[in-house]
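Subject: Structure handover

Hi,

Here is the structure for you to look over. My notes on it follow below.

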Amino acid sequence: MTTYAPPRDPLSKARRAWTQARRIAPARLSFSEPVLSLCFDDFPASAATIGAPLLERYGARGSFFASSSFAEGESGSGRCFGLPDLERLRNTGHEIGCHTFTHSDCARQDLFATLQDIARNRDALVAMGCEPPVSLAYPYGETSIPLKRALPKRLACARGITAGLNRGLTDLAHLRAYPLFGRGGIAGAMRALRQAARTKAWMIAFTHDVSTTPSPWGTHPDELEALIVMARQLGVTILPVRDALARGRA
Ligand SMILES: [Zn+2]
């Protein structure tokens, strides 16, 4: 996460709501059991060094949405991932997803520039030894209807940051997700998890850093662990986004 914030003026809000509501890649998803996907965006090194091992302790794997321009650098959520983090995540079965190369606001960036940004991130991740990503997370959750329409076919799905469960008729160009940070973030995610368990839905949750002193966009490891424990108690399977989607479409 960077300190940039998408515009909140009435026109931008209306455009955002319309973009979220328009179903561009409709698919009917159904699950024989509830599923939770845990996402780490950008991503800070702590997601790989603290978050990933925590998931692994419970036999779970996550989705790490990398913006390759952040590699070996710093963000508002602390030191960012490096090559050893990618390698370790790959070798332990986590998903490396696409978060665009530059982490620009895709609702405001020219469409062609965004498509190049996605391709550049894929190339950079492949050069770092990753498989070409099949899942996308829009930076800041921002997108546009032309972008949702123009997403490369190799991307099976794209995720936003609008709260909601994924089940039944779903827009694969705009999956819903809950934050694991901010005021009421964890409590809201726990409520959603109970609802997902009741309705056999797919819940996606996202954060950035995982730290005992989290950034405003990060999660304390105890809170992440509490959510994982609750998922187990409720019979919710934890899967990376790509695997959860494959299960829902089967
Ligand atoms: Zn991001």
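**Leucine 54 and its contacts**

Leucine 54 touches Pro221, Leu224, Glu225 and Ile228, leaving out residues up to four places away in sequence. Contact here means heavy atoms within 4.5 Å. This is a predicted model: local features need pLDDT of at least 70, side-chain atom pairs count only at pLDDT 80 or more, and totals for chains, interfaces and linings use all residues. Residues are numbered from 1 along each chain as its sequence is written, and side-chain values use heavy atoms, with hydrogens and water left out.

Leucine 54 is found in helix H2. Helices (H or I, at least four residues) and strands (E, at least two) are DSSP runs, numbered from the N terminus. Leucine 54 counts as buried because its relative accessible area is 3%. The cut-offs: buried is under 20% relative accessible area, exposed is over 50%, partly exposed is in between (1.4 Å probe, protein chains only).

Leucine 54 and valine 210 are 156 residues apart in sequence, and their C-alpha atoms are 9.9 Å apart in space. Threonine 212 and glutamate 56 are also 156 residues apart in sequence, but 19 Å apart in space, C-alpha to C-alpha.

Threonine 212 is in the loop between strand E11 (202-207) and H7. Threonine 212 counts as exposed because its relative accessible area is 58%. Setting aside neighbours within four places in sequence, threonine 212 is in contact with His220 and Pro221.

**Helix H2**

H2 covers residues 45-57, 13 residues in total. From first C-alpha to last, H2 reaches 18 Å, close to the 18 Å expected at 1.5 Å a residue. The expected span is 1.5 Å times one less than the number of residues.

Where does H2 kink? The kink, about 30°, lies at glycine 51, shortly before proline 53. The bend is the angle between axes fitted to the seven residues ending at a residue and the seven starting there.

Buried residues in H2 include Ala45, Ser46, Ala47, Ala48, Gly51, Ala52, Leu54 and Leu55. Their cover includes strands E2 (35-42), E3 (63-66) and E5 (78-79), plus helices H3 (83-91) and H7 (221-233). Glycine 59 follows H2, with a positive phi near 70°.

**Helix H7**

The 13 residues of H7 should span 18 Å at 1.5 Å a residue, and the end C-alpha atoms of H7 are 18 Å apart, which agrees. Pro221, Leu224, Leu227, Ile228, Met230 and Ala231 are the buried residues of H7. They pack against E2, H2, helix H6 (185-199) and strand E12 (237-238). Glycine 235 follows H7, with a positive phi near 75°.

**Zinc site**

Which residues coordinate the zinc ion? Asp42 (OD), His99 (NE2) and His103 (NE2) do, at 2.0 to 2.1 Å. Donors are N, O and S atoms within 2.8 Å of the metal (3.2 Å for Na, K and Ca); water is not among the atoms, so sites may look incomplete. The donor spacing in sequence is D-x56-H-x3-H. Histidine 99 and histidine 103 are both buried.

**Whole chain**

The protein chain has eight helices and 12 strands. Of its 250 residues, 55% count as buried. Among contacts between residues at least 6 apart in sequence, 73% join residues at least 24 apart. The C-alpha trace spans about 45 × 40 × 35 Å along its principal axes.

Best wishes
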